[in-house]
Structures are given as C-alpha cells and as structure tokens.
Amino acid sequence: GVGEGAPEVEVANDAAFMQRYFADWRFMLQTIGSAAAIVHHEPDFWGYCQHYANEHSGGDPRGIPAAVASANPTDCGGMENTIAGLGPCLIAMARTYAPGAKVGLHASGWGTGMDALYSGDGGFDVAAEARTLAGFLGGCGASGGDLIIVDAADRDAGYAETMGRDLWWDETNATLPSFTRAFEWARALTDALGLAVVWWQMPLGHMSLPNVSDQWHDNKL
C-alpha cells in the first residue's frame, strides 16, 4: 500500500502496519511448518534500506527506526526498534515457526549505489563494493540466516532491449558487464558473510529462441 523505495523503508516504523506484516510473515511460516523450503525475504527492500541509510544515517541500519519489538513483542520483544533489528526478528521467527526452512535476506547488486552487476565502469573495485554491501546486510542480521540471495536480472535481455535497456553480460568477458565481474562480486559477498549464495530471478531465455514474446534471447543460463 505504499510506494517503492523510501516510502516502504519509512512505513517499517508504523507499528500498526508492521503488526499486520508480522502477522502475515508468521502465517506464511506456520503454513510451511516443518516442510523443507527456501524463504527469500524481500528482493529490493534491503537495497532501498541501504540507500536510505546512506542518505540519513551514515550507512548505519541502526539509525533507521522500525517497529520491531514495539509491533511484535511476542516473537521479538528483545530486539531493537530499527532496521538492524528487523532482519534478526524475521529470521528468529523462521526458526520458531518453520524449522525445516532455509531463510535468507536479499543482496541487491545496486544496494551500495554502484550497480556492481551492470555497470560498464571498469574503474571501481567490485569486490570492495560487495564487502560494503555485506557489511550493511550483516548489520541487518543477514549473517544469522542460512544463505544470501542475489538476482541476475528481472527479465530476459532480448525483452529488455525492446524497452531500451541493456541487460546482457559479455560471455567472452572482454567487455563490461561480464560474467567474470558478476561472479567476482558474488564470491566476495559470500566470503564476507560466510553464507552460501542462491542465484534467484534467473532469465530462462536462450539464443536458440526466435526472440519474440515469451521466447526471448538471453545468455545467462
């Protein structure tokens, strides 16, 4: 019910809203129960939190208020009312209500403000960007999860071209963006967090398709 970006970060401090959110999260986890599952939390939210922290709190998630203990004293009464307390609360709830699930936060390649996966700029340290991202996510409780989730692209490159967007990675790794850089970023991220990675939102297109609706070109798989 709120706009994407800063509004969804700010609404995390609305206790009434977060009571409903935690109730939905609890219901989902209880529905999973003891079954095996991967629970992937909020693909863009944590990236927007990092942008917000960079603008308002010097990059510290503890400086962003959020209704955690105040909205959910039953599950998270001892956790701080900041974004830094939100991740641990969500993960703790997963341990309680869905003990067979693997849970993780999402790491956006653009979270630091530099899009490490799609930038054509060869002059920045992609591993350092990954470590900066890991530091922020670690401060949000990501290290308490079982894995970290990253995304390759939200659509096939052939389709993106029809929208004026370039989502190709150079499979020869001669130009940027490239597979080599994407894997370097992911490796530095996972090393820093000590977590396994899941590549989510993988385009399913391939180069033998006719590059028309629902049959687009892409080279990522």
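The second largest pocket of this predicted model has a volume of about 170 Å³. A pocket is an open set of points on a 1 Å grid over the protein atoms alone, where a 1.4 Å probe fits and protein lies on both sides within 12 Å along at least five of seven lines; lining residues have an atom within 4 Å of a point. Grid points are joined across faces, edges and corners, and the volume is the space filled by probe spheres set on them. Residues are numbered from 1 along each chain as its sequence is written. Local features need pLDDT of at least 70 and side-chain atom pairs pLDDT 80 or more, whereas totals for chains, interfaces and linings use all residues; side-chain values use heavy atoms, without hydrogens and water.

The lining of the second largest pocket includes Gly1, Val2, Phe17, Met18, Tyr21, His41 and Leu86. Its largest share, 3 residues, comes from helix H2 (residues 15-32); helices (H or I, at least four residues) and strands (E, at least two) are DSSP runs, numbered from the N terminus. By class, this lining has 8 nonpolar, 2 polar and 2 charged residues. Here Ala, Val, Leu, Ile, Met, Phe, Trp, Tyr, Cys and Pro count as nonpolar, Asp, Glu, Lys and Arg as charged, and the others, Gly among them, as polar.

The largest pocket has a volume of about 210 Å³. Of its 13 lining residues, Trp110, Tyr118, Asp151, Asp154 and Arg165 are the closest to its centre. The lining of the largest pocket comprises 6 nonpolar, 2 polar and 5 charged residues.

In soluble globular proteins, nonpolar side chains tend to be buried together. With residues up to four places away in sequence not counted, Trp46 touches Ile83, Leu86 and Leu90, among others, a contact being heavy atoms within 4.5 Å.

The protein chain has 8 helices and 4 strands. Buried residues (under 20% relative accessible area, 1.4 Å probe, protein chains only) make up 47% of its 221 residues. Among contacts between residues at least 6 apart in sequence, 67% join residues at least 24 apart.

Methods. Buried means under 20% relative accessible area, exposed over 50%, partly exposed in between (1.4 Å probe, protein chains only).
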